[in-house]
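Thanks for making the time this morning.

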Amino acid sequence: MPKSPLMVVVEDVRSADDSPQSIIDVDRWERLATAVLRTEHAAGELTLTFIDQTEIAALNAEHMGKTGPTDVLSFPLDDDPMPDIDIPLLLGDIVISPAIAASQYAEHAGTFDDEIALLVVHGILHITGHDHVDPAERTAMQKRELALLSEHHWGGSVPVGFRQDHRDDPGNTAE
């Protein structure tokens, strides 16, 4: 069976009053997501959606059992293609809150663009099977994030001031 083609669908479905100062270039983030998925040798369909902070808070409560909004949530879908069925593999869905990204970037990734890029890459790594439950997994995932960001976002070394962990809680990372 041929491998599923890669398709990334990116949408900004925020309401007009949710972080209107945070401009989301859906084409840019589609290109980053596609490049990262190709580097990770993934095939199938991925959706990346930028949503309101109230919507991500509801998803965070429903799926993670946590109160309040978060920056990114990943929902992996199909594990393996179904043999002899001509439907694409569904990699999963990633939702990002630009409002939360805007509120934390200065103390986290350093710039709004770097924060969004980190959240996109972080979400994709969850979709492709990475996690950060224990320290070894966390270290491996963060190393991979930096490599992918260096290759596909910065085109070089990590900028001064970039952080993967939140300053107020070194154990806090995106879901």
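Let me begin with the buried residues of helix α5, which are R138, M141, Q142, E145, L148, L149, S150, H153 and W154. Please bear in mind throughout that this is a predicted model. The helix itself covers residues 135-154, and its buried residues pack against two other helices, namely α1, residues 26-39, and α4, residues 112-127.

Both ends of α5 deserve a remark. At its start, a side-chain oxygen of D134 comes to within 3.1 Å of the backbone nitrogen of A136, while just after the helix G155 adopts a positive phi of about 65°.

Now to one residue in that list, H153. Its relative accessibility is 17%, and because buried here means under 20%, H153 is counted as buried. Which side chain does the side chain of H153 meet in a polar contact? That partner is D114, with the two side chains 2.7 Å apart in this contact. If we set aside residues up to four places away in sequence, H153 touches R28, W29, L32, D113, D114, A117 and L148.

Y105 is partly exposed, at 28% relative accessibility, whereas F112, at 15%, counts as buried. The rings of W154 and F162 have their centres 4.9 Å apart and their planes at 80°, so that pair, too, is edge-to-face.

Finally, let me step back to the whole protein chain. Its secondary structure amounts to 5 helices and 4 strands, and along the sequence these follow the pattern β-α-β-α-β-β-α-α-α. Of the 175 residues in the chain, 46% are buried. Among contacts with a separation of 6 or more, 67% are between residues 24 or more positions apart. As for the surface, the chain exposes about 9100 Å², of which carbon and sulfur atoms supply 52%.

That is where I will stop, and I am happy to go back to any of these residues on the display.

Definitions and conventions. Residues numbered from 1 in each chain as written. Predicted model: local features only at pLDDT ≥ 70, side-chain atom pairs only at ≥ 80, totals over all residues. Heavy atoms only, no water. Buried < 20%, exposed > 50% of the residue type's maximum accessible area, 1.4 Å probe, protein only. Polar contact = N/O pair within 3.5 Å; in protein donor to acceptor, adjacent residues only side chain to side chain. Contact = heavy atoms within 4.5 Å. Phe/Tyr/Trp six-rings, centres within 6.5 Å; stacked < 30°, edge-to-face > 60°. Areas by Shrake-Rupley, 256 points an atom, 1.4 Å probe, with all protein chains shown as cover.
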